[in-house]
Amino acid sequence: MFPDSNNQNWSAEDSAETYRLEDWNAGHFSINKDGNLEIECQVNETNVRVPIMDIIKGMQDRDLFMPALIRVENILDHSLKILNEAFKNAIDNCGYQNVYRGVFPIKVNQQAQIVEEIVRFGQPYNHGLEAGSKPELIIALAMLENEDSYIVCNGYKDEEFIDLGLRAIQLGYKCFFVIETPTEVPVIIRRAQMLGVKPMLGTRIKLSTRVEGHWQKDSGDRSIFGLNSLQIIEVIDMLKEADMLDCLQLLHFHLGSQIPSIHNIRRGVQEACRYYVSMKHEGAAMQYMDVGGGLAVDYEGNQQRSLNSKNYTLDEYCSDILETIMMTLDPEEIDHPVIISESGRATAAYSSIFLFNILDVAHFDPVRQLQEPPQGSDEKLKNLREILEIINPDNLQECYNDANYYRDEIRHLFQHGQVELRERAIAENLYLEVLQNILKMAPEAGVLSEEVERLQQSLTDIYYGNFSVFQSLPDAWAINQVFPIMPVHRLNEKPTRQATIADLTCDCDGKLDHFIGDESTLALHELRDGEDYYLGTFLVGAYQETLSDLHNLFGDTNVVSIRINEDGSFEFVHEIEGDTIEDVLDYVEYDIKAMKERFRRTVERAVREEKITVKTRQQILKSFAESLTGYTYYEVD
Ligand SMILES: Cc1ncc(COP(=O)(O)O)c(C=O)c1O
């Protein structure tokens with residue numbers, strides 16, 4: 001399969017094209033002349049590039065092995081910068097009469113280093129945080145020092161949550177409660193009156209605008225979040241009665257994440273503006289419009305209105321939102337609100353790269369030395385062998401049918417003890433050889449059945465990766481999210497194999513078989529003896545770390561945060577060792593001490609029964625204790 005391994009004419013450009021690098025890299029990645037993938041960024045106006053292999057080497061020197069996540073602070077900063085600047089430019093260009101304030105939704109990546117960096121770099125932009133729970137509000141209060149940055153509290157709020165938010169206002173924070181349900185209102189009123197604090201309130205509205213994308217069925221009237229028009233009136237009346245309608249200042253909506261169509265966004269903003277106008281007419285002191293998240297990431301890079309892509313640019317997103325607001329509010333002579341957005345995915349996705357090595361490959365190629373049936377073999381084996389002599393482009397379908405028939409017959413005979421294992425192995429091998437011949441000749445053949453057309457797929461390699469889909473790329477499993485994946489080295493060599501990727505879990509879903517460009521296989525290089533082969537999965541900074549799980553007890557991977565300097569050097573600003581076996585056992589409530597003691601008793605019994613010596617006992621106990629402190633992934637000695 002794909003036998004042409006001639007590298008002479010293969011260039012970095014060919015690799016870039018194969019992996020559609022230009023489509024999705026957003027200027028952050030490129031390939032150097034040595035065939036290594038580099039991270040590219042601007043540091044103080046200087047364009048700097050760092051090969052990912054250098055980072056892997058640096059990690060190995062620090063005993064941080066694969067799989068691992070790299071967070072690139074420069075890329076995170078860049079994403080924040082372009083978001084804020086795009087809104088600023090759009091405001092200037094359309095003459096919008098107010099400012100933009102972004103808030104990062106903590107749920108998108110709660111890792112302390114990410115939130116810290118967003119707060120640090122976001123300070124000049126007054127970039128704030130969105131909290132959807134009490135722990136997230138505590139993060140926001142502890143991290144944000146800039147009083148001009150906003151804290152937007154979404155989600156259901158109990159008294160404790162409300163008190164925390166009111167205390168934040170006392171401290172000078174601009175902390176908004178977005179009302180998700182009318183039942184929150186009496187509690188807010190009571191606690192605000194008790195603490196003598198004037199709350200900053202918003203309502204989350206349920207738009208009837210439906211959006212395309214992963215969460216299509218949860219949008220519109222069936223959305224589980226937000227207040228309908230009746231409930232908004234109920235909220236307004238309760239606040240009016242408490243003489244607190246002037247606290248209601250913000251309108252919030254969230255159409256869903258990863259919205260691929262700008263048309264949906266425009267329609268959503270348009271509908272939201274009507275609510276804004278009406279709430280103003282009702283007497284609310286409206287000043288803020290929070291358009292939620294939804295700004296999509298073009299994982300596929302095809303700029304289309306499809307699940308893993310988007311049909312708009314960041315500039316278009318900003319100007320369309322502002323223009324739509326102006327078109328609705330200007331005729332009503334209503335002041336332009338401060339515009340808030342809660343972009344999470346677009347802020348965090350590009351900054352993390354997930355790396356793993358390949359441990360093994362399953363090929364579906366025939367083995368040469370097994371071809372000949374031994375003397376006295378079953379006739380059917382000989383019949384299978386004969387197919388190879390008669391196969392030609394005109395009889396491919398017939399040969400395919402016959403090969404299936406004889407292969408199945410031999411399997412059947414094996415099950416009934418009439419054929420030996422060696423004969424069965426030869427049959428399977430001959431069968432593979434017939435299929436490979438069919439594949440080679442198919443381009444010259446006429447019409448073939450769908451089954452034959454799909455042969456390519458069933459004969460592709462399986463590359464076994466040292467990682468867990470469930471731990472590191474949960475959305476690839478849960479919502480069929482596609483991430484760009486490619487080797488990070490050997491990119492000046494032609495990738496001669498086509499493969500799907502299996503992870504370490506014993507789960508049929510623990511695989512990657514959907515790649516960008518709607519491909520079911522990925523072009524990869526042949527493994528070389530004694531040499532590691534590294535793949536990178538890109539744009540994984542949003543949601544993946546947070547949603548991960550411990551399937552098969554594969555734990556958190558090693559993580560490094562790097563900062564790239566102007567001179568092309570880089571620093572490991574943070575290193576976090578992945579979970580040990582002891583850690584993951586502890587997560588699922590095992591008592592490590594008790595486990596050690598129970599195992600000690602088992603080993604001691606073996607000594608008593610003279611199965612092992614005391615010396616062996618010591619070695620076994622040492623291995624057991626060492627294993628507990630080891631990495632949960634495949635380790636090379
Ligand atoms: C209320 C709210 N705001 C913001 C976001 C972040 O959305 P995104 O990551 O698409 O920017 C979400 C996520 O779905 C959300 O539920």
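A polar contact here is a pair of N or O atoms within 3.5 Å; within protein, one must be able to donate a hydrogen and the other to accept it, and residues adjacent in sequence count only if both atoms are side-chain atoms. This is a predicted model, so to speak: local features need pLDDT of at least 70, side-chain atom pairs count only at pLDDT 80 or more, and totals for chains, interfaces and linings use all residues. Residues are numbered from 1 along each chain as its sequence is written, and side-chain values use heavy atoms, with hydrogens and water left out.

View 1. K107 puts a polar side-chain atom 3.0 Å from a ligand oxygen. With G344 it's a backbone N or O atom that sits 2.7 Å from an oxygen atom of the ligand, and R345 has a polar backbone atom 2.9 Å from a ligand oxygen. On its own the ligand has 400 Å² of accessible area, and the protein covers 92% of that (Shrake-Rupley method, 1.4 Å probe).

**View 2. The shell around the ligand.** There are 15 residues around the ligand, and S257, E342, G344, R345 and Y543 come nearest (a residue is near if one of its heavy atoms lies within 4 Å). By type, the shell has three nonpolar, eight polar and four charged residues. Ala, Val, Leu, Ile, Met, Phe, Trp, Tyr, Cys and Pro count as nonpolar, Asp, Glu, Lys and Arg as charged, and the others, Gly among them, as polar.

**View 3. The second largest pocket.** This pocket holds about 540 Å³ of space. A pocket is an open set of points on a 1 Å grid over the protein atoms alone, where a 1.4 Å probe fits, with protein on both sides within 12 Å along at least five of seven lines; lining residues have an atom within 4 Å of a point. Of its 22 lining residues, A26, I82, K310, L314 and Y350 are the closest to the centre. Helix α4 (73-94) is one of the elements giving two or more residues to the lining, and its four residues are the largest share. Helices are DSSP runs of H or I, at least four residues, and strands are E runs of at least two, numbered from the N terminus.

View 4. M66 and P67 are joined by a cis peptide bond, omega about -5°, and P67 lies in the loop between α3 (52-61) and β4 (68-72). R20, in the loop between α1 (12-18) and α2, has a positive phi near 50°.

Note on methods: Points joined across faces, edges and corners; volume = space filled by probe spheres on them.
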